[in-house]
Amino acid sequence: MKNIAILGSTGSIGRQTLEVIDQHRDKFSVIALSARSNAELLVEQAKLFKPKYVAITEGDFSYVKKSLQPLGIEVLSGSDSLTAIVSAQEIDIVLTAIVGFSGLLPTLEAIKHGKNIALANKETLVVAGELVTTLAKEKNVKILPVDSEHSAIFQCLMGEKHNWIEKIYLTASGGPFRGMTRKELKNIKKEQALRHPNWSMGNKITIDSATLMNKGLEAIEARWLFDVKPEQIDIIVHPQSIIHSLVQFIDGSIKAQMGLPDMRLPIQVALSFPQRIASPFERFDFLQYPTLTFEKPDTNVFRCLPIALGALRNGGNLPCIMNAANEIAVAAFLNNEIGFLQIAEIVEEAMNKIPFTSHPTLEQYLDCDRTTRDYTKTLITKKS
Ligand code: NAD
Ligand code: MG
């Protein structure tokens, strides 16, 4: 039996994680659940899965407490509650499904307490990959990828040696605006950007997928998860989202991991590792996909991708600056304050403005994130 804590259980990944656990109640048990504000769903989930701890960081604490305390569930509130629950002794794996920089501190805390991480919250590795992976090594903690591309690479690397890796190909669907020009993108509305062709996900990652920032974040995530050099990572657009990523080895052989786009599979792979367990998910039918296609990403139109690849190459606090500016810019776009193309502009301006540090400490990351958010907000007010 593996004991799981889910940070962000009311979100897209969180809900799908509970579906996976529900199929395998004999193998997984839920120890902790958390959400930011969806108190009703959180209570419903807690009644079904009976965790020991529930944390609500911003929502209706008294409602959650009143509903769950009589069931013997300990209910916590506030942003510190996440760092508090991840250290619980019973927990084996912390699945991080919250969004953005807010995942960093609870993830570090979980690693400090020797908990394995099933990592969906890619921003944590983007911001502070060096710090997080160094601590994980020190504490002998596994970081198991949930992101579908990284799960694919992880699966391709089973049974292989690290120095046999020549190249990693991350596949990208291309998002809803693949093939469009900058002129066509200028007045895109958020409703259009939120309509992803292959995946149903939370709002922030859906916008990141439309700008291709998501693929840039994933390149940085891959650099840290698989300890490869930036030049070993390549991006290829594959609109059908059937090949989830590939690894090319030093003898030229390529392994790919394939399947229908369904996040429950990578979630299950992370939770069940090193075992594989049966699943009822729909199977892939080759005849329904007679053609799998590949193309180059259009980096002139989707500027966030080359910006992120620059941050990957130059390292230091640049990915942290980029991430903070992107979080603020995406929120502003979702709030109809800026246009779609301005997301990349704003991120680039912040990266040019905030001073560079080569090997930041945790304090410096926290400070850099705060400073960048303030700067970006001011920039957006000026522009809108
Ligand atoms: P979501 O918006 O659907 O859900 C986020 C969850 O985290 C919710 O439960 C919310 O209450 C909680 N949360 C958000 N911000 C928080 C904060 N500041 N403090 C505490 N709790 C907070 O997001 P999602 O689509 O499930 O994505 C979660 C993470 O997984 C992201 O980092 C995303 O990039 C990554 N990811 C998602 C998918 C996907 O298919 N959805 C795929 C790959 C990676
Ligand atoms: Mg992904």
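**From values to words**

Mentor: Let us start with a place in the chain: Pro274 sits in the loop between helix H12 (264-272) and helix H13 (304-314), and please keep in mind throughout that this is a predicted model.

Trainee: What makes the bond that joins Phe273 and Pro274 a cis peptide bond?
Mentor: The angle to look at is omega, which is about 10 degrees for the bond between Phe273 and Pro274, and this bond is listed as cis. As background, most peptide bonds are trans.

Trainee: Where is Glu149, and is Glu149 buried or exposed?
Mentor: Glu149 is part of helix H7 (residues 148-156), and its relative accessible area is 8%, which is under 20%, so Glu149 is buried. Leaving aside residues up to four places away in sequence, Glu149 touches Leu170, Thr171, Lys215, Glu218, His244 and Ser245. For the chain as a whole, buried residues make up 56% of the 384 residues.

Trainee: Why is H10 called roughly perpendicular to H11?
Mentor: The axes of helix H10 (residues 203-211) and helix H11 (residues 213-225) cross at roughly 100 degrees and come within 5 Å. Angles of 65 to 115 degrees count as roughly perpendicular, and therefore H10 is given that description relative to H11. On the H10 side the contact is made by Lys204, Ile205, Asp208, Ser209 and Thr211, and on the H11 side by Met213, Asn214 and Leu217. Sorted by class, this contact has 3 nonpolar, 3 polar and 2 charged residues.

Trainee: Why do E4 and E7 stand at the edges of the sheet?
Mentor: The open sheet has 7 strands in the order E4-E3-E2-E1-E5-E6-E7, with parallel pairing. Strand E4 (74-77) and strand E7 (143-145) each have a single partner strand, so one side of each is left without a neighbour in the sheet. On average, neighbouring strands of this sheet are turned by 20 degrees against each other, with direction ignored.

Trainee: How do you know that E2 and E3 pair?
Mentor: Two strands pair if at least two bridges are found between them, and strand E2 (residues 28-35) and strand E3 (residues 53-56) have 4 bridges in the parallel sense. Ala35, for example, has Ile56 in E3 as its bridge partner. Helix H2 (residues 39-49) packs on the sheet, where it touches E2 and E3, and its direction makes about 165 degrees with that of E2.

Trainee: How do you know that the chain agrees with a compact globule?
Mentor: With 384 residues, a compact globule would have a radius of gyration near 21 Å, and the chain has 20 Å, which agrees.

Methods: Residues numbered from 1 in each chain as written. Chains lettered and ligands numbered in written order. Predicted model: local features only at pLDDT ≥ 70, side-chain atom pairs only at ≥ 80, totals over all residues. Heavy atoms only, no water. Helix = DSSP H or I, 4+ residues; strand = E, 2+ residues; numbered from the N terminus. Axes fitted to C-alpha atoms, helices over the stretch in contact; angles between N-to-C directions. Contact = heavy atoms within 4.5 Å. Parallel < 35°, antiparallel > 145°, perpendicular 65-115°, else oblique. Nonpolar A, V, L, I, M, F, W, Y, C, P; charged D, E, K, R; others polar. Rg over C-alpha atoms; globule rule 2.2 N^0.38 Å. Buried < 20%, exposed > 50% of the residue type's maximum accessible area, 1.4 Å probe, protein only.
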